[in-house]
Structure formats: C-alpha cells, structure tokens
Amino acid sequence: MKLAVGLSLAIPAILLAWASKAADAPAVATSIKPIHSLVSAIMQGVGTPELIVDGAASPHTYNLKPSDASALQSAKVIFWVGPGLEAFLEKPLESLGSGASIAELEDAPGLVKLKFREGGAFEPHDDGETGHEHEEAGHDHDAHAEGDHDHGEFDTHLWLDPMNAKAMAAEITTTLVAADPANALTYQANAKALDEKIDALDKEITGIVAPVKDKPFIVFHDAYQYFEHRYAVRVAGSITVSPENMPGAERVSEIHKKVADLGATCVFAEPQFEPRLVNVVLEGTDAKAGVLDPEAATLEAGPDLYFTLMRGIANSMKDCLSRES
C-alpha cells in the first residue's frame, strides 16, 4: 500500500517537472515542412516548433496569415531556408522577428549549393544579368557553390540531398543550444540520432533508385537538382523552372517534343500545382504520369516527415520509371 501511495504521489511530481521543462523551452517557429521536421526531431523531449507553411501550401505562392505573424512575433528562435525560397518571410522577419534568433539555413556550414540552370530543356532563370551561364542537366555534376552567400543564384531545395539535411541539422542544433543551453544535452543526443538515421536513409534511397537511375524523365518544376546529383538520376527537363511563372505555349511545345524524342519516360506533376500542363505534355506520347512532392504538401508535419518525403520521391520515381510503356 505504501508503495502504491508513493507511486501515486511521484507520478504527478514527474508530470509537473516535465510540464515545467516544456514551459521553459524557447518558442520556436519554422518556415516549411522539411525544415520543421528536422527541427522537431532535434527538439523531441523539449518542445514542439510552430510551422508557418502548413497543409498543402507552397512557399512559392504563400501569403502570411495573422496567426503566422503572431507565431513569428512570439518566437525566440526562427528557422527558415532563406529569401530565395520563402520570399514572403523576408520583410516580416525584419519587423516581427526582431526579438528572435533567426537561423537562415541556406548559410549553414557544409552545404553544397547548386546554381539555377538554363539552356537545353531548362528555361533561363532571370537573375537580372546577361550572359550568365549555369550548368545543364546531366553535365558538371561536381559543380557547386559551397559557402556561396549570394541569394537568388542557387537552387534552394537544399534538403533533397540528405547530406545537406545533415548540414542544416547541425546548424539547427548549434542555434538551439545557444538559445537554450539548459537543454543542450537533449538537443545534441537527438541530433546524433538524427544524423545516423539520415545516413541510413541515404543508403536506402541509393538502393531504391539504382534500377531506374539511367531512365530520363521530366519534372513539373526544376526542384530536384540535389536529389539528381546525389543519386545520379536523369532529370531531362522541367515544364517550368519556377512555379511562380507558368510557361508559355512555346515552352510547353518544346517539352512535349523533348518527351517524344526521349521515348517512353515519365512526366511528374506536383500536388500543389495545376496538372493540366502535365497532361498537355503527355498527350500523344508514350510517357507515363507520376507525382513527386518535394515540399511535402500531402504529408503530415512532424519529426518523421523528412524520411517519408525522401522515400516517397525515390519510390515514385522507381514505380513510374519501372512501368512498361
């Protein structure tokens, strides 16, 4: 009986201590689901970060809501990729985030950055300069701009290379430890476990795409360079480089011809964007349709999302590219 009474008294004490610890955790805000997933994994046992771009929304077309503004204003730590991806956050962070520690993860040490590409099946990226050359698909796979701080010059879908995810996770850990040293050991232990889990994911994806990595395919927008370079898959072109700018008839015709010239392949849509253009590109060809979700529009936010996202891309590629014509 004494033991039962002792336990009944101890359990509320444990719960109170846990609640106190959670209450002491800093308020953390994150921009998009892949970043939120990495931060959530590192904060497990301490707290849960807020997510700005939730549901099926895309950072390319997002408008800040009042609840988002409130989350930014309350945050002590804010994580985002940077102005090249979440342009809608640039000005709000200057005002609403003025009291927070802001980590711009596109500047994380150790990231490999790939420049926007043009030419061939990829439409020019308007960077305000003339004669600015970028690599084409299938060429110069070792080219990168590691440590490059010139915003807008590189592809910001950095997380699609797991090694970049590891670099961002390291920066997330450093930022959280500095902001909340009382929970440093938890952050560091979680980060170590996450690092090992990402290494295992990388090996798994290599095995998934190996049978189809030489088969060319078309994507909706040019968001997959990092996945392409890591796993040597063959992205032959994109319907549009950026979903903010829908392609004209001439470009759609060019991609349609590219698909026909390549023979049987796949054209991948994305869940946030109008599939009509993909259907136009497919019409009259032997190509098959698939769906890729690089920004996790259809996935539930949380610490496991990053792994579900990456496996989903790999499996979608394998499934579509393995189908018979």
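When two directions are compared here, angles under 35 degrees count as roughly parallel, over 145 as roughly antiparallel, 65 to 115 as roughly perpendicular, and the rest as oblique. Keep that handy for the helix pairs below. You're looking at a predicted model, so local features need pLDDT of at least 70 and side-chain atom pairs count only at pLDDT 80 or more, while totals for chains, interfaces and linings use all residues. Residues are numbered from 1 along each chain as its sequence is written, and side-chain values use heavy atoms, with hydrogens and water left out.

**The big picture**

- The protein chain has ten helices and eight strands; these are DSSP runs numbered from the N terminus, with helices being H or I of at least four residues and strands being E of at least two.
- Of its 325 residues, 51% count as buried (buried means under 20% relative accessible area, exposed over 50%, and partly exposed in between, using a 1.4 Å probe and protein chains only).
- Take the contacts between residues at least 6 apart in sequence: 66% of them join residues at least 24 apart (a contact means heavy atoms within 4.5 Å).

**A four-strand sheet**

- Four strands make an open sheet in the order S2-S1-S3-S4, with parallel pairing (two strands pair if DSSP finds at least two bridges between them).
- Strands S2 (50–51) and S4 (101–104) sit at the edges with a single partner strand each, so one side of each has no neighbour in the sheet.
- S1 (residues 28–30) and S3 (residues 77–80) run parallel and share three bridges; Val 28 has Val 77 of S3 as its bridge partner.
- Helix H2 (residues 33–43) packs on this sheet and touches S1, S2 and S3, its direction making about 150° with that of S1 (axes are lines fitted to C-alpha atoms, for helices over the stretch in contact, and angles run from 0 to 180 degrees between N-to-C directions).

**Helix H2, tucked inside**

- Eleven of the eleven residues of H2 are buried, so this helix is largely enclosed by the rest of the structure.
- The buried residues include Lys 33, His 36 and Met 43.
- What do they pack against? The buried residues of H2 pack against S1, S2, S3, helix H5 (162–179), H6 and H10.
- Just after H2 comes Gly 45, with a positive phi of about 90°.
- The axes of H2 and H10 come within 8 Å and cross at roughly 135°, so the two helices are oblique to each other.
- Lys 33, Pro 34, Ser 37 and Leu 38 of H2 meet Leu 305, Tyr 306 and Leu 309 of H10.
- By class, the residues in that contact are five nonpolar, one polar and one charged (Ala, Val, Leu, Ile, Met, Phe, Trp, Tyr, Cys and Pro count as nonpolar, Asp, Glu, Lys and Arg as charged, and the others, Gly among them, as polar).

**Helices H5 and H6**

- The axes of H5 and H6 come within 10 Å and cross at roughly 180°, so these helices are roughly antiparallel to each other.
- Among the contact residues are Ala 169, Thr 173 and Val 177 of H5, and Gln 188, Ala 191 and Asp 195 of H6.
- The contact of H5 with H6 has eleven nonpolar, two polar and four charged residues.
- Gln 188 lies in H6 (residues 184–209) and, at 39% relative accessibility, counts as partly exposed.
- Leaving out residues up to four places away in sequence, Gln 188 touches Thr 173 and Val 177.
- Gln 188 and Ala 170 are 18 residues apart in sequence and 9.1 Å apart in space, C-alpha to C-alpha.

- A search of the whole structure turns up one disulfide (a pair of cysteine sulfur atoms within 2.5 Å).
- Cys 266 and Cys 320 form it, with their sulfur atoms 2.1 Å apart.
- This pair links distant parts of the chain: Cys 266 is in strand S7 (residues 266–269) and Cys 320 is in helix H10 (residues 305–322), 54 residues apart.
- The link of Cys 266 and Cys 320 is left-handed, with -110° about the S-S bond.
- Are the two cysteines buried or exposed? Cys 266 and Cys 320 are both buried.
- S7 runs parallel to S8, joined by four bridges, and Val 267 stands opposite Ala 289 in S8.
- In a regular strand, side chains alternate between the two faces of the sheet.
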